[in-house]
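Student: I am new to this structure and would like to learn how to read it. Where do we start?

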There are 2 protein chains.
Amino acid sequence: MTYCVALRLDRGIVFASDTRTSASVDNIAVFSKMHIWERKGDRVIVLLSAGNLAMTQSVVSLLNEGVDHGGDDERPSLLTVDTMFQAARLIGETIREVRRIDREAIEQNPSLFSASFILGGQIAEDTPRLFQIYQEGNFIEATKDTPYFQIGEHKYGKPIIDRVAKPDMRMGTAAKLLLVSFDSTLRSNLSVGMPIDLLIYRKDTLQVGEQRRLEAEDPYFRMLSKAWADALRDAFSRLEEYQTEEEPSWMKPRGLTERERERMD
Amino acid sequence: MTYCVALRLDRGIVFASDTRTSASVDNIAVFSKMHIWERKGDRVIVLLSAGNLAMTQSVVSLLNEGVDHGGDDERPSLLTVDTMFQAARLIGETIREVRRIDREAIEQNPSLFSASFILGGQIAEDTPRLFQIYQEGNFIEATKDTPYFQIGEHKYGKPIIDRVAKPDMRMGTAAKLLLVSFDSTLRSNLSVGMPIDLLIYRKDTLQVGEQRRLEAEDPYFRMLSKAWADALRDAFSRLEEYQTEEEPSWMKPRGLTERERERMD
């Protein structure tokens, strides 16, 4: 399983992806799911991938072959397309090409050939843009209302992003948010694993700014994970308790938190 | 979709289930997914159901017919079985009976006939016990390590239970926890809907103690939902920010929270 997430902000885009690939639970390997194409001063294109590794690697290999061939008007490459929208279309086409090659095998076992992608980046003066690309090759773009995309094991880490994400966040806050979202996912699903690849792209820099791999023993991530666990338990204990019917009423004046009641006990 | 959850504690069991049933998004109805068999002073048996409504209703109808026929040694009913383990076996058998009747249709469209159940309660001197029963009719029992079960749309609401649940919780705290877990699920999945059925069974009372339906406008649930949202945002903002590389180093002394930095800005 996989967890990848990207969040588009006023100041740029933050990407994060896990690195665990498993054919089964006793066959686990580390593969980067973050693929980057950069031409400084002109473009940064980041692709996160989830799903069948044979399929996603084929897509990335074909995209790289396109770049190696230089690309032309008839067959553009990721380094020659004019806009991120064109880049999304190119990747969609590439996915369809891979699926055509594997068509017979896909018909026999559709679930084996699942794949999905998050594409983000900036080309020249265009604004930074973020897309989710489906295995059918079609895609959607992030908006102000939905400024982020997740692929893979996305549910555990979704509630906190829904609650906190804001377009005017600082990049450091957004990185913190994605790491907290990862923490919830890692706790609940063994098949999503450290290390985490993190990339912070700042608008109009047109170069990969900050890219880091956070290992399991990363001191910031460990601190964050512990502090968040403590903060959640603390916040929960401060919420007013559900008033049950059966305790004598003098035991449960309305409006007291769990903490206050414990002090009274 | 559905969300049902039950948590076994030293003091008893708390059950919660949503009530939304949808054939498609424009066909939404309210059905209770909480089924109760009670004989005061002898037993309380609670069954939560998720999945295909035709299937889960058939299972419950057959169980009720068994009760109406009185039950005997050859065909026990939920009011004659001696232990909760026997109750779990009886329900498993009943699921298999329904699936035998529908076998041909199930083979044509297996996904339509999904169903799963949470069973909890107490019979006589036996301790309160909690089971999850699969659509194949087999089942597992909750333990100290895993004192809760969820069925249906369980992922959004799982992290907070994993972090907070403890066997020595008060029943009011446990009810609060399940409602917070519901809140995360309701926010992230439209097809899980209010009202919520809540049942608090206290050990050795051998009667349904407190059973309530929380409607969308329930003042406690609304307060809880808002307080939890505020607390989460507040807790998040207090976590130390991820230190990005590109800001000048004097802007980001290590160890400051987002709040403290905002005060410095």
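Tutor: We start with a term: a nonpolar core is a set of buried Ala, Val, Leu, Ile, Met, Phe, Trp, Tyr and Cys residues joined through side-chain atoms within 4.5 Å. Note also that this is a predicted model.

Student: How many residues does the largest nonpolar core have, and which have the most contacts inside it?

Tutor: In soluble globular proteins, nonpolar side chains tend to be buried together. Here the largest such core has 72 residues. A:Val14, A:Ile196, A:Trp228, B:Val14, B:Ile196 and B:Trp228 have the most contacts inside it. Leaving aside residues up to four places away in sequence, B:Val14 touches residues including B:Leu7, B:Met171, B:Leu178 and B:Ile200. There is also a second, separate core of 26 residues, with A:Val60, A:Leu63, A:Val81 and A:Met84 among them.

Student: How should I read a pair of helices, and at what angle do H5 and H6 of chain B cross?

Tutor: Two packed helices are described by the angle between their axes and the distance between the axes. In chain B, the axes of H5 (residues 171-188) and H6 (residues 219-238) come within 10 Å and cross at roughly 75 degrees. Angles of 65 to 115 degrees count as roughly perpendicular, so H5(B) and H6(B) are roughly perpendicular to each other. Among the residues making the contact are B:Leu179 and B:Asp183 of H5(B), and B:Phe221 and B:Trp228 of H6(B). The contact residues divide into eight nonpolar, two polar and three charged.

Technical notes
Residues numbered from 1 in each chain as written. Chains lettered and ligands numbered in written order. Predicted model: local features only at pLDDT ≥ 70, side-chain atom pairs only at ≥ 80, totals over all residues. Heavy atoms only, no water. Axes fitted to C-alpha atoms, helices over the stretch in contact; angles between N-to-C directions. Helix = DSSP H or I, 4+ residues; strand = E, 2+ residues; numbered from the N terminus. Parallel < 35°, antiparallel > 145°, perpendicular 65-115°, else oblique. Contact = heavy atoms within 4.5 Å. Nonpolar A, V, L, I, M, F, W, Y, C, P; charged D, E, K, R; others polar. Buried < 20%, exposed > 50% of the residue type's maximum accessible area, 1.4 Å probe, protein only.
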